[in-house]
Amino acid sequence: MEQRTLGGQGLRVSALGLGCMGMSQSYGPADDRESVAAIHRALDLGVTFLDTADMYGPFTNERLVGRAIAGRRDEVVLATKFGNQRRPDGSWVGINGRPEYVHSACDASLERLGVDHVDLYYQHRVDPSVPVEETWGAMKELVEAGKVRHLGISEAAPATIRKANAVHPVAALQSEYSLFSRDPERELLATVRELGIGFVAYSPLGRGFLSGRLTSSSPEEFADDDFRRGHPRFEGENFARNLALVERVRQLAAEKAATPAQLAIAWVLAQGDDVVPIPGTKRRRYLEENLAALQLRLTPEDLIAIDEAAPRGAVAGERYTPAMMARVNV
């Protein structure tokens, strides 16, 4: 398995990680047995980088990942997050970056995961009511206590990243990045590269669009608890326009004897050795399909053709609802 380095403190991870959120929420019914099998298969195939968060479920995804890695902890670079505070019933509390909450959230995650430390601990969303320096002061204390090895931040604005990095080195910025979400190319990638910070790309398959498995009737076929039912990019005319964009990607993938998912992941991998995609899946067969993207080598001509087929700004609809968009790039 190819390895990549996140940040300047030597955090080495597999070039492709595994996002675990969808095993517990947002994408239809859970199947814990298959999800655990998918995590085990990922480890068997050399994937070391697993990504979860306390809010996923909420709380159930960390427990699932903890069960899956029991006895195999030394094979895993384990990442989790705090900051999106939810109640056990799933209801929303708010963004919380208060120092005392940082400590209590970390302790709770360690207990659910069944580990004594986390390799990468992210501030999941920035709390605008708390100076980021205060939040990161508490996160630095977690490192000093040995509970956390490296620190990261998710969906933060460049100025915020700089402030956090001044308190403690940021190993990784996690933000949405795919052929369908190219906003990081405007300023974020330049910022993290200037500061020597790695980039972890979540949703590299555009919330399933770039898997190539969606049809014109997919929104109606989604489970009642699938959050894509209310997602702007899956609504009405936006959905039809985005399917047409996927068709262009499908044609390019066919020319490479690849699936759309493999081409989309290979494109993210080609954006730099400091970029690590973490496609999510709860099924072994899709995991194996995604991992085959590591064998797909894109030429400069391929990258030009892909850019022409799916240029920045071509996707229809925002990547979140307005309420959720207000919580990113803070």
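1. Helices H1 (residues 32-44) and H2 (residues 60-69) pack at about 55°, with their axes 9 Å apart, and the two are therefore oblique to each other (angles under 35 degrees count as roughly parallel, over 145 as roughly antiparallel, 65 to 115 as roughly perpendicular and the rest as oblique). Axes are lines fitted to C-alpha atoms, for helices over the stretch in contact, and angles run from 0 to 180 degrees between N-to-C directions. Helices (H or I, at least four residues) and strands (E, at least two) are DSSP runs, numbered from the N terminus.

2. The model is predicted: local features need pLDDT of at least 70, side-chain atom pairs count only at pLDDT 80 or more, and totals for chains, interfaces and linings use all residues. Residues are numbered from 1 along each chain as its sequence is written, and side-chain values use heavy atoms, without hydrogens and water.

3. Nine aromatic pairs are counted; rings of Phe, Tyr and Trp (its six-membered ring) pair if their centres lie within 6.5 Å, with planes under 30 degrees apart stacked, over 60 edge-to-face and the rest tilted. Tyr177 and Phe199 have ring centres 5.6 Å apart and planes at 70°, so this pair is edge-to-face. Both residues are buried (under 20% relative accessible area; exposed is over 50%, partly exposed in between, with a 1.4 Å probe and protein chains only).

4. Ring pairs also join Phe180, Phe209, Phe222, Phe234 and Phe239 into a cluster.
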